[in-house]
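Please look through the model shown here. Some questions on its local geometry come after it.

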Amino acid sequence: MTSRLHIRVEGIVQGVGFRPFVHLLAERLNLAGWVLNSSAGVEIEVEGERVQEFLEELRQRPPPLALLEQVEAEPLPPIGAQGFQILASSEDEAPITLIPPDVATCPDCLREMNDLADRRYQYPFLNCTHCGPRFTIIERLPYDRARTAMKAFSLCPDCAREYADLRDRRYHAQPVACPHCGPRLELIEGTRHWDGEEALERSRRLLEDGRILAVKGLGGFHLATDATCEEAVDRLRRRKGRPAKSLAVMVPSLAEAREIAELSPLAEELLVSWQRPIVLLPRREGTLAPSIAPDNGRVGVMLPYTPLHHLLLEGFTALVMTSANESEEPIVASNEEALMKLEGIADAFLLHDRPIIQRLDDSVQVIAGARPMMVRRARGYAPGPFRLVQSFPPTLACGPELKNTFALSKRDVLFLSHHIGDLQNLETYQHYQRSIAHLEELYALEPEVVAHDLHPQYLSTRYALSLPARRKVAVQHHHAHIAAVLFEAGETGPAIGVACDGTGYGEDGAIWGMEFFLSSRGSSKRLGHLAYVPLLGSEEAVRQPWRMAASHLFASVGEGALPLLVRLFPQPSPSTWEVLWRQWRAGFHSPPTSSAGRLFDAVSALLGFPGAISYEGQAAIRLERLAEQGRHSPSIPLSLPLREGAPFLLDPSPMLVQLAERVVADEAIDRSALAFSFHLALTDAIVASSKRIRLEHSLSLVVLAGGVFVNILLLQMTQEMLEAEGFRVLVPQRLPPNDGAIAVGQAVTAFARLEEEGCV
Ligand code: ZN
Ligand code: ZN
Ligand code: FE
């Protein structure tokens with residue numbers, strides 16, 4: 001019997017070969033009708049005898065990159081339709097289509113690229129319906145070539161035929177291109193130019209010679225150099241002014257990845273996934289230049305994700321592929337900008353003429369036990385959707401000040417932006433505002449609710465307060481951390497919230513960091529925290545970890561710490577220590593803090609971290625590595641006593657005096673054992689605090705959140721010991737433990753409060 005169905009599909013259904021899939025399926029089942037990209041997703045009408053089979057197939061076996069969020073079918077009276085058509089996109093409805101992320105080059109395209117007989121042999125910009133650039137080239141929705149960075153390249157007859165042929169794997173592939181009609185390579189080296197294959201040849205030669213190349217990629221420029229050549233890596237570090245922070249590397253295949261790092265099956269899966277993130281992996285000694293990651297036991301590894309990368313990597317074991325930007329500025333994206341800003345860093349520029357619409361960094365993941373954990377969410381994942389249980393008024397969550405991301409919601413979908421960076425940098429702040437405007441425009445959104453941090457001076461807060469939205473919601477930083485983890489686990493609380501973090505503005509104006517809460521999505525009540533110590537010299541204390549060591553020693557033994565400090569640290573001079581002691585006592589320029597990040601700094605300094613840090617988290621990263629090395633040495637009993645009260649306090653200062661005394665007493669002491677013992681002591685303290693809260697509130701669900709948990713050793717030990725004590729433990733996974741998740745936490749908090757108030 002003939003029947004007709006109207007089907008609405010929502011989700012990631014544009015730019016993933018959905019319409020040709022529908023067309024072929026309809027033909028196979030002998031159905032008439034049409035399909036079109038609408039702003040809501042994809043609309044389909046099918047008519048014939050096998051419409052139910054069609055619906056079943058669509059639900060069960062969609063194209064590999066499609067993500068079906070919702071499929072609604074509605075019967076209609078048959079109209080005697082003939083044939084099947086793909087109709088032009090409709091633009092009449094309010095957009096809620098999900099933007100497809102960029103997809104790494106697929107195996108079919110790679111085969112063509114390596115096939116001498118293929119017309120795209122060695123073409124660095126080939127792509128198809130199942131791979132290629134998406135988010136980085138989209139100007140507006142619906143996703144069609146005319147609204148992308150490809151609009152300037154008109155299709156040659158061959159490409160046009162493929163684009164229009166339903167049976168071709170490039171059918172309706174918007175970025176389709178070939179050597180005749182698509183983007184072209186160009187190498188600029190001083191006053192000389194090379195094009196096409198010659199540009200590529202010359203680029204490889206330069207890399208072989210240890211030169212530094214600026215390479216235009218998908219979401220911006222990389223600086224590339226031979227990662228196995230110490231001299232080249234050192235030159236890059238000096239020119240870029242990046243003395244120690246780890247550099248990510250790209251390897252041609254898993255074989256080379258195995259050579260430089262230890263790979264678990266999960267790590268391999270992640271490396272070859274179409275998102276192609278940088279994966280932080282335990283490093284093997286030997287192949288890579290030692291200065292790739294001097295502080296870190298891990299190295300960031302990724303596989304090629306564009307045809308150009310594949311071609312460039314040929315014959316190399318590993319290339320450094322680090323984002324090209326001046327420190328804290330957004331990634332360089334246009335040819336002009338690269339030539340201007342990277343002059344003096346790069347020896348040559350490998351450019352192409354396809355504009356980058358959206359700047360996008362590489363994503364970073366780390367493996368925590370049996371699960372991957374996001375560290376930086378950008379290419380491949382952003383602006384991926386999160387489904388909400390109900391619709392809310394359009395909401396903008398402005399995010400934190402550092403490692404900023406922002407979030408936007410429309411009806412029952414929450415979009416988290418890509419990694420933006422540190423807003424204190426003017427260009428990054430402009431990039432932030434432009435990115436918000438771009439996403440608001442793509443989704444035709446005008447936020448009615450704006451969520452922001454409690455800190456009155458954050459640029460994201462000031463931006464939030466300047467907006468016309470009718471409703472503003474201020475959210476405490478660490479509550480936002482916890483709320484984000486509750487949200488991604490689909491939980492509402494109440495739960496024991498444990499924040500182990502660097503810096504967040506507290507409700508009492510102090511700088512919070514390590515906090516214990518009674519948390520639900522809408523709010524957190526603080527039950528305990530790390531005892532306050534002065535942040536000795538404010539921002540200076542963040543830069544110079546030994547200041548925090550001093551602050552803790554002063555807190556425990558007062559002036560008696562002076563002889564210890566003089567023996568522990570060659571710098572500063574004894575008279576300066578006297579000055580610092582007076583500053584500490586007066587509390588001058590030293591706000592109280594319960595920061596866990598600063599505690600790690602203090603311990604790292606006591607165990608030998610010298611001078612000032614050159615990047616955020618450096619001292620803590622060194623300490624984690626030291627502890628990893630000491631995990632099989634006999635541990636030394638250390639503890640953070642819990643002092644009862646409202647709130648209860650964990651006091652780390654006596655433990656730091658103990659550490660200091662041991663180091664002073666025995667120059668040759670095993671510092672790695674001390675580092676590991678410190679991790680153990682902190683884990684014990686978290687477990688003891690959680691047990692105390694369980695006793696009082698009859699709760700056994702614990703949420704772990706905050707940037708310090710990027711420390712995998714700490715995260716895993718804490719999780720395991722809590723589980724051994726009968727707790728159920730939630731940890732971040734798809735969202736980062738660090739401030740990259742704050743915007744989601746802010747949005748979730750705003751939604752919960754609207755619900756509590758009956759506003760939705
Ligand atoms: Zn492909
Ligand atoms: Zn062509
Ligand atoms: Fe934080």
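The questions below concern a predicted model.

Q: Which residues are the protein donors of the zinc ion (ligand 1)?
A: The donor atoms are SG atoms, lying 2.3 to 2.4 Å from the zinc ion. Along the chain the donors follow the spacing C-x2-C-x18-C-x2-C. The residues are Cys106, Cys109, Cys128 and Cys131.

Q: What is the geometry of the site of the zinc ion (ligand 1)?
A: Four donors count as tetrahedral if all angles lie between 85 and 135 degrees. Among the four donor atoms of the zinc ion the angles are 104 to 116 degrees. The site is therefore tetrahedral.

Q: Is Cys131 buried or exposed?
A: Cys131 lies in the loop between α3 (107-113) and α4 (157-164), and Cys106, 25 residues apart from it, in the loop between β5 (84-86) and α3. Residues under 20% relative accessible area count as buried. Cys131 has a relative accessible area of 1%, so Cys131 is buried.

Q: Which strands stand at the edges of the sheet of five strands?
A: The open sheet has mixed pairing and the order β4-β1-β3-β2-β5. A strand at the edge here has a single partner strand, so one side of it is left without a neighbour in the sheet. The edge strands are β4 (67-76) and β5.

Q: Which residue in β3 is the bridge partner of Val35?
A: Strand β2 (residues 32-38) and strand β3 (residues 41-48) pair in the antiparallel sense. Their pairing runs over seven bridges. In β3, the partner of Val35 is Ile44.

Q: At about what angle does helix α2 run to β1?
A: Helix α1 (residues 18-28) lies across β1 (3-12), β2, β3, β4 and β5, and runs at about 175 degrees to β5. Helix α2 (residues 51-60) lies across β1, β3 and β4. The angle of α2 to β1 is about 10 degrees.

Q: What is omega for the peptide bond from Gln571 to Pro572?
A: Most peptide bonds are trans. A cis bond joins Gly493 and Pro494, with omega about 5 degrees. Pro572 lies in the loop between α16 (561-568) and α17 (574-586). The bond from Gln571 to Pro572 is also cis, with omega near -15 degrees.

Q: What is phi of Arg276?
A: Most residues other than glycine have a negative phi. Arg276 is in the loop between α8 (265-272) and β11 (278-282), and counts as buried at 12% relative accessibility. Its phi is positive, near 45 degrees.

Technical notes. Residues are numbered from 1 along each chain as its sequence is written. Chains are lettered from A and ligands numbered from 1 in the order in which they are written. This is a predicted model: local features need pLDDT of at least 70, side-chain atom pairs count only at pLDDT 80 or more; totals for chains, interfaces and linings use all residues. Side-chain values use heavy atoms; hydrogens and water are left out. Donors are N, O and S atoms within 2.8 Å of the metal (3.2 Å for Na, K and Ca); water is not among the atoms, so sites may look incomplete. Four donors count as tetrahedral if all angles lie between 85 and 135 degrees; four count as square planar and six as octahedral if opposite donors are over 155 degrees apart and all others between 65 and 115; anything else is irregular. Helices (H or I, at least four residues) and strands (E, at least two) are DSSP runs, numbered from the N terminus. Buried means under 20% relative accessible area, exposed over 50%, partly exposed in between (1.4 Å probe, protein chains only). Two strands pair if DSSP finds at least two bridges between them. Contact means heavy atoms within 4.5 Å. Axes are lines fitted to C-alpha atoms, for helices over the stretch in contact, and angles run from 0 to 180 degrees between N-to-C directions.
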